[in-house]
Amino acid sequence: MLMQGFAGLMWLLYLAMLAFAVVAFVMAALFREDAYRASSKQSKGFWLIILGIAVAVNLLIPMLFLQIAGLIASIVFLVDVRPALIQVSGGGWGRRRGGGGGSSSDGPYGPWNGGR
């Protein structure tokens, strides 16, 4: 009985790591190549290969050590690279989702009213 619960928990963990890797891969694919260069991070191709390997490992090779390595790569992308890409891209998803937006006439120090 205990082993069935443990096997179910491990299966759920594998699914969560797969979902995390797929989300990171899709997000990496959505950013433009020049955003990677402008943010001084590795190239888009590098991240697509690393995250693609993480997805493939989660799908094909059920070895926890390799899946944890893929999880670490996904976490690094989502925590370090993605925020830099969003900043370089001019806000990206962060600005469109809830709060903090602004009008198109806003400058870096507030609204621009044309000198009125």
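**View 1. Confidence along the predicted protein chain.** In the protein chain, confidence is lowest in helix α5 (residues 92–96), with a mean of 47, and highest in α3, with 94. Confidence is given as pLDDT, the predictor's value for each residue from 0 to 100, and helices are DSSP runs (H or I, at least four residues) numbered from the N terminus. The chain averages a pLDDT of 83, and 76% of the residues score at least 70. Over residues 94–99 the pLDDT is below 50, and this stretch has 4 contacts in the model beyond near neighbours in sequence; contact means heavy atoms within 4.5 Å. Where pLDDT is low, the predicted coordinates should not be read in detail.

This is a predicted model, in which local features need pLDDT of at least 70 and side-chain atom pairs count only at pLDDT 80 or more, whereas totals for chains, interfaces and linings use all residues. Residues are numbered from 1 along each chain as its sequence is written, and side-chain values use heavy atoms, with hydrogens and water left out.

**View 2. Residues in the contact of α3 with α4.** Trp47, Ile50, Leu51, Ala54, Val57 and Asn58 of α3 meet residues of α4 including Leu66, Gly70, Ala73, Phe77 and Val81.

View 3. Serine 39 lies in the loop between α2 (33–38) and α3. At 12% relative accessibility, serine 39 counts as buried, a term that means under 20% relative accessible area (1.4 Å probe, protein chains only). Apart from neighbours within four places in sequence, serine 39 contacts Ala84, Leu85 and Val88.

Key. Helices (H or I, at least four residues) and strands (E, at least two) are DSSP runs, numbered from the N terminus. Buried means under 20% relative accessible area, exposed over 50%, partly exposed in between (1.4 Å probe, protein chains only).
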